[in-house]
Amino acid sequence: MTDAFIYDAARTPRGKGRSDGSLHEVTSLALSARLLNAIKARNNLEGHAVEDVIWGNVTQVKEQGGCLARSAVLASDLDERIPGLSINRFCASGMEAVNLAANQIKGGAGHAYIAGGVEMMGRVAMGSDGAAIAVDPSLAMKSYFVPQGISADIIATEYGFTREQADALALESQKRAAQAWEEGRFAKSIVPVLDQNGLTILDRDEYMRPGTTLDDLAKLKPAFKEMGEMMPGFDKVAMLKYPHLSHIEHIHHAGNSSGIVDGAAAVLIGSKEFGEAHGLKPRARIRATAKIGTDPTIMLTGPVPVTEKILKDSGMAIGDIDLFEVNEAFASVVLRFMQAFEVDHAKVNVNGGAIAMGHPLGATGAIIIGTLLDELERQDKQVGLATLCIASGMGAATIIERV
Amino acid sequence: MTDFTMKTDADGVAVITWDVPGKSMNVLSMDGAATLNGLIDEALADDAVKGIVITSGKRDFAAGMDLNVIAGMKDQGGAQGVFDGVMSLHHILRKIERAGMDPKTLKGGKPIASALPGTALGIGLELPLATHRIFAADNPKARIGLPEIMVGIFPGAGGTTRLVRKLGAMAAAPFLLEGKLSDPKKAKAAGLVDEVVDDPLAAAKAWVLAAKEADLVKPWDAKGYKMPGGEPYHPAGFMTFVGASAMVHARTMGVYPAAKALLSAVYEGAQVPFDQALKIEARWFTNVLMNPSSTAMIRSLFINKEALEKGAKRPGVPDQTVRKLGVLGAGMMGAGIAYVSARAGIEVVLIDATQASADKGKAYSEGLMDKAIGRRKATEEQKAELLARITATTDYAALEGCDLIVEAVFEDPGVKAEVTKKAEAVIPSDAIFATNTSTLPISDLARASARPSQFIGIHFFSPVDKMALVEIIKGRETGPVAVAKALDFVRQIRKTPIVVNDARFFYANRCIIPYINEGIRMVAEGVNPTLIENAAKLMGMPLGPLQLVDETSIDLGVKIAKATRAAMGDAYPDGAVDDVLFWMADQGRMGRKSNSGFYAYDDAGKRQGLWEGLEARFPRAADQPSLQDVQHRLMFAQTLEAVRALEEGVLEDIREGDVGAILGWGFAPWSGGPFGWLDILGAERAVAICDRLAKAHGDRFKAPALLRDMAARRDSFYGRFGAGKKAA
């Protein structure tokens, strides 16, 4: 079977996903197109150079609707014979784009793909595309639907994580992200966002709060306590599903959950022949991919079973992995991963994560693959695993290996 | 004689009068619906008719659909029969709503109004909702609403679809999901009716003659209609619907199919045009009706409850209406009995050993009336009248002329014997003497009576003013007049009776005690108490066993255990339970009344979480049972006792076993009661579970011979003993 290699990985800086965020003035289309242009320029992708652009995006309405992938290709400098596929696997959309591209290459369907994603959370609000699982009573009740924040708190309650542990992890994310920026560890990947005149709009992740202290975090009010305990009382739904729990510990808040941001990321994936034809050097092999469905109520435990699956499928053990990226959707997700596999925090999210820098839903999966590869190269390690928890109870993972 | 008749007056208003022959309240049958349909056709086709008013020939408008008819639709035609039946109702009501207008131009219709003289429930409101304007009489006693959810179904003749479109999902929720009823003024404020007037028929006629074409078009039939509060994918509506599922799910513990189906009908219906929404409503209604839970709920909560209240078990003796009641003992129970009796218009003599205690007992009624006045449910005059009916005294001579005595003194045979003698010395020779004991055998107490055939048990549940069930216990020598007296008394105070024979703990307590004990036994085994409590709630029990024993008090549990142990000797099976119960009592944790029990309470007496100290004494077992195992233990502990009560003849009628269980201790109402639950489960499956439980947990779970026999014959309780068939 053909191998699939990563030739390039790039991302925009992440802007605050609010009306005063730096990227708020930029459309999803423009951000996508400019990143595609950067990938094209960095790798000399003239003509019908890639088979497809697979673009992850969660909230596919308004400017992100109508197959944004194809619109982005047409708005970019890429050849119009390159089509475009928008996909949605919630928070793992960007990773699923990469995995789908890699597996198509492995299966012989095309020699190269651009895969990644975008989410302008400040422009197209999360949830504004509707969701039957949340509102259709027949499924909401069958699946014991609760919002993700409640699920994150259920994980904390079920696996015994305290507010202090969650805050400590959040603080570490801030510290690591600040240090990574200070030392220029993201330099290879970051593509500054420029306007149509070449003027810089944003060249640095702006969501970070590097001066955060534990005291600051301790002052924040739990974000999901009211919807859990009062209106509409999601904790009771959780109790129906997990009757051994007497109550839910509401430990998550804005400071130990992922940030709402705008951003995009893209990965260039191709076969060995593609690299040779374009004079490009492969940076890593995509060794394995996996996805799995899990209990939709606790929802965010997917990284554990999907990691077990990807290791088993590829005949590997947890000890074979040098570095991990576990998306910091909520602190408890990462805590649970480290607890389940007994992995050292030193190997996990080495340069911080979504708690510090934000989680542009459709892009994050591609972002963390790029971050993982940069760090493997920096530390001169070989094998890395990236994984994300996913809404509605799913998990996704990718194992990459430097070549 | 037909249910509906029509007469057109000189102004050209056709008045359709609903007046079901031979009934005090109108209920809709399929024949009645067909008659109404014909009259509507006739009036719409008749050029002399300018408009139509639908009203009632009775004091009230209507009590709803005849639930026996609904049950019949299912029995005869299955799902297709129900769906077709419901769609035929939709067709008639939609015809009324459209009133002959052109569906495109919305012109050419005849105005149709409804005039409600009084109560309008269920289809009695769904029909008016299809008309163009609803006039209700200014009658504060009238009840207006859609109570279907209370018997396990939901408004299925367009009431769900129309009310949601009229009020929005959020505002309609209390009426649809809780079955909230309102008086006419509140109904108008909520938007259920349009006008409250002195003479609804005259007002409706006047409106019909003055109505313009635009007045006939329902908002949902007009162009540009938007649902109040937003449909499910409107940003505001989205939040409403997310919350609605969670709240309904939590409130129903996932065990009531009607609330779920109702919500689905609302959600799916909100996204399509009105006529599609009616089809959706009909499909979900059919789905609920085909669910065995709705059959069981209608059977127990409506048909059989009503049958018992109307005297299904009453011996054929002359009327025994109580005129003057003597209540012995003015404690919690006596005071409550005095209150409910005085409220029913009965003259009450309330006796206690000291005047202060007797007065305190009477003051209880005063307190309840003050609360009712505060909630505007009663007036100062009513309070004065009620209190005037109660004589609080220490003097047994005041009992002269009482035709019924209810004794509610301390649970001590000696004390009870003494007051029995003292009362019988005064009361007429044909008076009936009842004891409100919950633990002592009636036949033993009857020995103190000079007239044992006139001696009976009337067991009230606490608090008396809230609990709907009264358990009537026949002693060995109790005669039919005493039974009739007790039943007539229960009817007067508007509660629901069951009649059982005398045996330890009668029926209700006999089933409740094993339920509580099984919960406590699991604590001793190291089962997570949260799992025990939640397992019960997830079966639809209102209180987990540990909360229940906290409410009834732990020292009462200890007392019952000691008495039972003394009576049973070596055969006593509940030593493991006593280890926990006695230890709790030793700690001074007596339950809610001591602000400490299996639960912790704050200083104000508000229940907090389960008491953490429990785990230190009874450490959590490493292997926790499955949810289902815990649920089976808690449910079979109760239901097997009900089966044994039937086998032993303590219970004479499974209808009483089911209705009594739901009203007495809140047994999983969705199941229709213990026998309903076993029928839903199936006897074969029940026996298999019992065999497994008996092997794992002891002989108390051994399937009774009756259940085994039913499994062997693939029989069901209602198949064998249903509708008044005597127990074998």
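Start in chain B, where His459(B) has Glu471(B) of β18(B) as its bridge partner. Keep in mind that this is a predicted model.

The strands behind that pair are β17 (residues 455-460) and β18 (residues 469-474) of chain B, which run antiparallel to each other and are joined over 4 bridges. Zoom out and you get an open sheet of 8 strands with mixed pairing, in the order β14-β13-β12-β15-β16-β17-β18-β19 (chain B). At its edges stand β14 (390-393) and β19 (496-501) of chain B; each has a single partner strand, so one side of each has no neighbour in the sheet. From one strand to the next, the twist averages 25°.

Now for where the two chains meet. Here 22 residues of chain A are in contact with 27 residues of chain B. On the chain B side, the elements giving two or more residues are α8 (235-252), α9 (257-269), α19 (529-538) and β21 (607-610). The largest share, 9 residues, comes from α8(B). Sort that side of chain B by class and you find 16 nonpolar, 10 polar and 1 charged residues.

| Helix pair | Angle | Axis distance | 
|---|---|---|
| α10(A) and α8(B) | about 50° | 8 Å |
| α1(A) and α2(A) | about 60° | 8 Å |

Take the pair between the chains. Helix α10 (residues 234-241) of chain A packs on α8(B) at about 50°, which makes α10(A) oblique to α8(B). Their crossing is left-handed. From α10(A), the contact uses Phe234(A), Lys236(A), Val237(A) and Leu240(A), while α8(B) brings Ala246(B), His249(B) and Ala250(B). By class, the residues of this contact split into 5 nonpolar, 1 polar and 1 charged.

On the α1(A) side you'll find Ser28(A), Leu29(A), Ser32(A), Ala33(A) and Leu36(A), and they meet Leu68(A), Ser71(A), Ala72(A), Val73(A) and Ala75(A) of α2(A). That contact has 7 nonpolar and 3 polar residues, with no charged ones.

Notes: Residues numbered from 1 in each chain as written. Chains lettered and ligands numbered in written order. Predicted model: local features only at pLDDT ≥ 70, side-chain atom pairs only at ≥ 80, totals over all residues. Axes fitted to C-alpha atoms, helices over the stretch in contact; angles between N-to-C directions. Contact = placed C-beta atoms within 7 Å. Nonpolar A, V, L, I, M, F, W, Y, C, P; charged D, E, K, R; others polar. Pairing = 2+ DSSP bridges. Parallel < 35°, antiparallel > 145°, perpendicular 65-115°, else oblique. Left-handed = near helix turned anticlockwise from the far one by under 90°.
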